[in-house]
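User: Could you take a close look at the aromatic rings in this model and walk me through how they sit together?

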Amino acid sequence: MTKQAIAPSQLSADQAVGLTVAQYLQAATITRTKVSDVLGCSRVNASKKVAGKVGWSIEEIYTLAEFFGLDTTDLLPKKDDTGSWLPAPFNPAFLSRGIGKTPSPLDRNEDGVWRARQDSNLQPSDP
């Protein structure tokens with residue numbers, strides 16, 4: 001019996017947005033019920049959106065970006081050279097804005113990368 005290579009999955013734009021939104025929900029411990037409240041849709045429809053089975057409207061993306069305290073580009077996917085859509089990079093700084101249950105001291109460095117700020121009490125495990 002020979003093994004066949006598994007082709008990389010091709011994500012649709014809706015699936016990529018759903019994966020991005022799912023990251024923010026998990027990081028902030030926000031339920032899909034809250035998403036349905038924010039978007040004004042049923043919980044089932046919100047779950048299908050996060051799963052990438054139902055499309056996202058621009059208005060919904062703007063609404064969620066405002067809810068999370070993010071720029072819309074933090075939710076929008078990018079297309080790779082194979083034609084697949086890639087989820088937007090995770091921006092953990094939104095946790096410090098009081099959205100999640102555990103605020104995080106994260107900030108954007110001068111090079112544009114999101115990293116934890118260094119405090120004056122560095123530990124051996126700090127990067």
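Analyst: Ring pairs join Tyr-24, Phe-67, Phe-68 and Phe-90 into a cluster. This is a predicted model, where local features need pLDDT of at least 70, side-chain atom pairs count only at pLDDT 80 or more, and totals for chains, interfaces and linings use all residues. Residues are numbered from 1 along each chain as its sequence is written, and side-chain values use heavy atoms, with hydrogens and water left out.

A pair of aromatic rings is described by the distance of the centres and the angle of the planes. Rings of Phe, Tyr and Trp (its six-membered ring) pair if their centres lie within 6.5 Å; planes under 30 degrees apart count as stacked, over 60 as edge-to-face and the rest as tilted. Searching the whole structure turns up three aromatic pairs. In one of them, Tyr-24 and Phe-90 have ring centres 4.9 Å apart and planes at 35 degrees, so this pair is tilted. It links distant parts of the chain, 66 residues apart: Tyr-24 belongs to helix H1 (residues 13–28), while Phe-90 is in the loop between strand S2 (85–86) and strand S3 (106–108). Helices (H or I, at least four residues) and strands (E, at least two) are DSSP runs, numbered from the N terminus.

Tyr-24 is buried, at 0% relative accessible area, and Phe-90 is partly exposed, at 30%. Here buried means under 20% relative accessible area, exposed over 50%, and partly exposed in between (1.4 Å probe, protein chains only).

Phe-67 and Phe-68 form another tilted pair, with centres 5.4 Å apart and planes at 55 degrees. Phe-67 is partly exposed, at 23% relative accessible area, whereas Phe-68 is buried, at 0%.
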